[in-house]
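This report covers a sheet, a helix packed on it, and a pocket. The structure comes first.

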Amino acid sequence: MTERTGQPSERSGSTPASPPPPGPAAEHPRPASPSAAEPAGSAGPAGSAGSAASAASAASPAGGCCGGGCGGGAPAGGPELLTLAPPPPVSPPRPVGAKRVWPRSFTDRLTSPLPGVRAMARLAREGAMRPMAAALREEIPRLPFAPGPMPDPDAGTIAVTWAGHASWVVRIGGLTVLTDPVWSRRILGTPARITPVGVAWRDLPPVDAVVVSHNHYDHLDLPTLRRLPRETPLFVPAGLGSWCRRRGFTVVTELDWWEGAELPAPAAGDGARVRFDFVPAHHWSKRTLTDTCRSLWGGWVLTAPDRQRVYFAGDTGYGHWFREIGRRYPGIDLALMPIGAYDPRWMLRPVHTDPEEAVLACRDAGARRMAPMHWSTFLLSGEPPLEPLYRVRAAWREAGLPREDLWDLPVGASRVLE
């Protein structure tokens with residue numbers, strides 16, 4: 001049975017209006033070349049990663065989270081936040097696999113206009129979407145790559161393994177969840193990956209679910225999805241279900257922003273369930289010449305039976321949504337945040353956070369720890385390959401956050417959430 005969804009949930013009476021997006025942030029200056037003595041990555045207990053970012057700590061509200069000690073995880077700030085109404089309760093879980101009918105377009109969800117002809121002409125004129133050849137020669141061999149055995153956590157423990165780009169293996173509530181799985185060496189319109197996949201497909205445990213943030217080729221990879229059994233549950237943005245079903249997947253759950261669904265976590269016992277909530281992002285969607293914004297985009301909050309939470313931000317620029325996510329889903333234990341594909345800023349600021357903005361977004365969301373992603377895998381923009389690592393480390397340090405809470409993993413490395 002197909003359910004007709006006449007209006008997106010953000011416009012329904014069950015959810016309050018969201019705050020308007022802020023104006024553009026001040027441009028972050030590019031730091032001087034990092035010292036060659038700084039390690040490119042580590043698989044040790046402290047991990048590694050970062051950059052220049054006094055802007056992040058200055059712009060972040062005083063006493064912001066993402067470093068422990070905040071308790072509830074709600075965004076910190078001045079006294080005016082004390083007058084905010086309590087967040088709405090999470091939505092009742094949607095039925096897994098239900099078919100729904102959506103609006104033809106989600107263009108009204110954009111928080112910035114899409115680039116037009118003039119922007120494309122400027123981009124072609126400047127040729128700024130690829131790092132300089134010297135940086136590629138010097139830095140690609142130093143990109144952190146340290147695959148190791150995956151942890152085997154119990155049902156009450158969360159573990160994450162970075163396969164590269166936005167692809168993670170998340171073990172939560174006894175389930176194995178893949179985020180935006182891309183195991184292909186090459187994606188359409190992009191040079192081949194510059195680091196191998198961090199986890200061999202044959203080494204994956206049985207996959208219990210997949211979450212997809214949006215339909216861009218570097219996040220929704222059909223050759224990778226075809227490796228999965230067709231009964232694997234897929235959690236996807238509104239409007240993307242028919243694409244998945246046409247490719248044979250039988251358990252496809254489409255969600256709007258602020259909606260959630262659940263899967264049983266048998267290993268956790270007593271009817272325990274893992275919840276999958278779809279949350280907003282500052283981005284867009286497009287896969288062909290005719291489907292711009294025909295499906296939604298966003299991130300995912302995964303909540304374990306014991307209420308531990310992992311926030312997978314997907315692909316996003318910086319903006320007002322992070323505070324609202326933290327308000328509605330307090331106590332995020334780990335945020336998987338994008339830090340790359342940000343240069344040139346005049347073009348990519350609305351849709352890709354730079355390292356300083358990623359740290360600020362993590363604090364806005366009230367997350368206790370952050371694991372950087374969306375760098376060191378595909379060459380999508382003009383910054384030098386190692387720059388996101390140096391800048392996020394500097395931003396984290398200048399924000400005064402505990403070094404051990406920055407999980408700057410090499411591709412292929414894992415960390416267990418104690």
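## Strand pairing

Strand E11 (residues 299–303) and strand E12 (residues 309–312) run antiparallel and are joined by four bridges. Within this pair, Leu 302 has Val 310 of E12 as its bridge partner. Strands (E, at least two residues) and helices (H or I, at least four) are DSSP runs numbered from the N terminus, and two strands pair if DSSP finds at least two bridges between them.

The model is predicted: local features need pLDDT of at least 70, side-chain atom pairs count only at pLDDT 80 or more, and totals for chains, interfaces and linings use all residues. Residues are numbered from 1 along each chain as its sequence is written, and side-chain values use heavy atoms, with hydrogens and water left out.

The open sheet has six strands in the order E9-E10-E11-E12-E13-E14, with mixed pairing. Strand E9 (259–264) and strand E14 (370–373) are the edge strands, each pairing on one side only. From one strand to the next, the twist averages 20°.

Helix H8 (residues 355–364) lies across strand E13 (334–338) and E14, at about 150° to E13. Axes are lines fitted to C-alpha atoms, for helices over the stretch in contact (heavy atoms within 4.5 Å); angles run from 0 to 180 degrees between N-to-C directions.

## The largest pocket

The largest pocket has a volume of about 970 Å³. Its lining comprises 33 residues, of which Met 129, His 216, Trp 284, Leu 348 and His 352 are the closest to the centre. Helix H2 (117–126) and helix H7 (345–348) are the elements that give two or more residues to this lining.

A pocket is an open set of points on a 1 Å grid over the protein atoms alone, where a 1.4 Å probe fits, with protein on both sides within 12 Å along at least five of seven lines; lining residues have an atom within 4 Å of a point. Volume is the space filled by probe spheres set on the points, which are joined across faces, edges and corners.
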